[in-house]
Amino acid sequence: MKHSICMVSDFFYPNIGGVESHIYQLSQCLIERGHKVIVVTHAYGNRSGIRYLSNGLKVYYLPIQPVYNQCILPTVFTTLPVIRNILLRESINIVHGHSAFSALALESIFHARTMNVKAVFTDHSLFGFADLSSILTNKILKFSLAGVNHAICVSHTCKENTVLRGKIDPSDVSVIPNAVDASVFTPTSTERDPEKITIVVMSRLVYRKGADLLASVIPEICSRHSDVQFIIGGDGPKRLAIEEVREHFQLHDRIRLLGTVGHSAVRQVLVRGDIFLNTSLTEAFCIAIVEAASCGLQVVSTSVGGIPEVLPPDMIQLAEPSATSLVESLDKAIAKRRNCQLLSPDGAHDWVRKTYTWQNVAERTEIVYDKISAATEVTLADRLHRYNKCGLVAGKIFIFIAALNYLLLILCNWISPVQNIDLAIDCRKLRRLKTGGVNLEQSS
Amino acid sequence: MAMSCDRSRKKWQKVLYKDQGVSDNYVDESFLEEMKKNLHIRTYEFWAVVRESNVVMQQIYSVWIFVAVYFHMRNFVLTPQFLFEMSSAVTIVGYIVNFVILHENALTKSRWKDGKTMGIFLILGFSLSPILMTLTKTISTDTIYAMTFFMLLANLLFHDYGTDAAIVSQAFSLNAAIFASICLASRLPTTWHAFSLVTFAFELFALWPILRRNLKIILSFLLGSVVTVSVATVSSVAVVVFLLLHLFITILCPAWLIRLQPYKNNIHGPWDEAVIKQ
């Protein structure tokens, strides 16, 4: 069954990042499978209006500027008219929101459910429970997930976290991992220095990514092994700590700090290494280690979040989040490299190429879409019941908001009736025309 | 036959790279196995909590004493000279006690510095007190009392009671108290009144907490009775409110805290941000 899907998020091209490339790649693969996909996001500077990306992927850059953390101001009701218009114009039957940080995604899902359009939500990150910001965010997530038809998480740990935060039934959550474009991350042996063992680090130098651990591991490893060198890509507030370590231990020729590395240049840096080091303190999936494995590097990483689920034991050395444990694991990896006991770069690349593909992700996502399309409609009363379960006081507030949104929808239907809204041209039909398949008169 | 089927079915593994023949929304028995609840809870003992609630009461005593002193001065029961002399004497005694308790070496330099600070403050305070008095003179008395109430409430809320919470801001708390004293000082007849009230406020809200922290002796009963007596002479309604407040904070709040402990629900698991182990 072919669907019309609307991907919504605050994070999309021209921003580069994990969620952004996830949405783009997934959309492309779904288009390959014959579905219609559009993307809705906010304006980026002057970039506002409708743009087309490859394969007819239509992107709506809504004329709303981001205010904080690349997200729009959450107003709940003001996005209703424009989202309703888009969903009707494009005859959307599934809305797919990405990232719990994105206010636009959560609001669009809410409006979609008010209009009885099926909704899916993908969660890309892990959250705590104890501090004030987490408590508020989790309440908002409970609200969003109470209305959604199905949720997707990128790892099993992420699923457990989402189920606990959102208080939803675990069988309503599917685990579909991220993927990597293996044709971009290919190994090559020519860039590597054969005399030395190169350890590559590619992450933002912030506390969350374990920059402090990195700073304590580097001098220890450098003193134990004289032929090891570090290449560190990425920038951030903790860069100073790494530079201080370099100064203090006189390791100028053994540590190279590259600063921010553009997305297109990441592969060039990765193929210079033998070992990839990841010291994050929390990760839902960690696409960086899969990219590194695809380039043929052996991975050494802290065993946090969803990382233990991603790579098999012969491709990754896991360590506790402490300097001593990381040093031990790095020692093991270096020893294996010296004795040539590591998986060959081409072998690793082939494994990643077969295991983590976007086509596989699209196939599994399609199963989710088919399942929710076949599910029965939920009445307004049922929805309000579900919102009520979110909490003693919060439940009543959510019911009020949901009911008000429904009334506003009726108002919108009265002001701008459904019959008067023009349907947009379907790009799939245009493509078929281009390939010379269909007669023009038959294309309506 | 059923047994051989079970043996051939492998145990479900929590990995993403294997196709384990189950649907994506499969929920295994090991779901949420690694979740741990309430790892680091502390058990509270009622009388220990009551003793600790004393810290909050001490600051509340300061606030009530301050307000009682203001009312006494306004009713001309207390003269500014008496207040200034008494508070200075108590401050000097307190300073010596603090000195002795901390077992500081007789660093004459730091004593000289403290003496200089005190001198500068007194001179500045005295010369600026006409301004201090007229700062808020044009505002109506009701507004003044309302502002004072909120400022003293802010003083109580943001005071450093010894915990490491984000809401604590010693500077803000002190500023609120001094602003409250300036508000009240404008209602008094002469600059001498204003000066002595503001000096008293400084000693009470800035210096007394330092000594209190180092003393660690429960002066509660003594202080509590002082407060009760001074407030009673101003208004009988106020003293009843004070005693009820005292009961609430010292007895009811600890009981409430202990009653809520069984409902604690701290969730820990592999999704938590890792704490770097040394």
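Predicted model: local features only at pLDDT ≥ 70, side-chain atom pairs only at ≥ 80, totals over all residues.
Residues are numbered from 1 along each chain as its sequence is written, chains are lettered from A in the order in which they are written, and side-chain values use heavy atoms, with hydrogens and water left out.

**Exercise 1.** Describe the interface of chain B and chain A.

*Solution.* Begin with contact, meaning heavy atoms within 4.5 Å: 22 residues of chain B touch 43 residues of chain A in this sense. Next take the buried area (the accessible area, with a 1.4 Å probe, that two parts lose on being put together, summed over both), which is about 2700 Å² between the two chains, with 63% of it given by carbon and sulfur atoms. Of the area that chain B buries against chain A, B:Leu16, B:Tyr17 and B:Trp271 supply 29%, more than any other three residues.

Then count the salt bridges (a side-chain nitrogen of Lys or Arg within 4 Å of a carboxyl oxygen of Asp or Glu); there are 3 between chain B and chain A. B:Asp24 forms a salt bridge with A:Arg364, and their closest N and O atoms are 2.9 Å apart.

**Exercise 2.** Locate the second largest pocket and find which helix gives the most to its lining.

*Solution.* A pocket is an open set of points on a 1 Å grid over the protein atoms alone, with protein on both sides within 12 Å along at least five of seven lines, and its lining residues have an atom within 4 Å of a point. The second largest pocket holds about 1700 Å³ of space, and among its 47 lining residues B:Ser87, B:Val90, B:Thr91, B:Glu203 and B:Leu207 lie nearest its centre. The elements of chain B giving two or more residues to this lining include helix H3 (80-101) and helix H7 (191-215), and H3(B) gives the most, with 16 residues.

**Exercise 3.** State how many cavities the search finds and where the largest one lies.

*Solution.* A cavity is a set of grid points where a 1.4 Å probe fits but cannot get out, and the search of the whole structure finds 3 cavities of 30 Å³ or more. The largest cavity has a volume of about 120 Å³ and is lined by 14 residues, of which A:Lys36, A:Val37, A:Gly56, A:Asp426 and A:Cys427 lie nearest its centre. Strand S2 (36-42) and helix H15 (427-434) of chain A are the elements that give two or more residues to this lining.

How values were computed: Points joined across faces, edges and corners; volume = space filled by probe spheres on them. Helix = DSSP H or I, 4+ residues; strand = E, 2+ residues; numbered from the N terminus.
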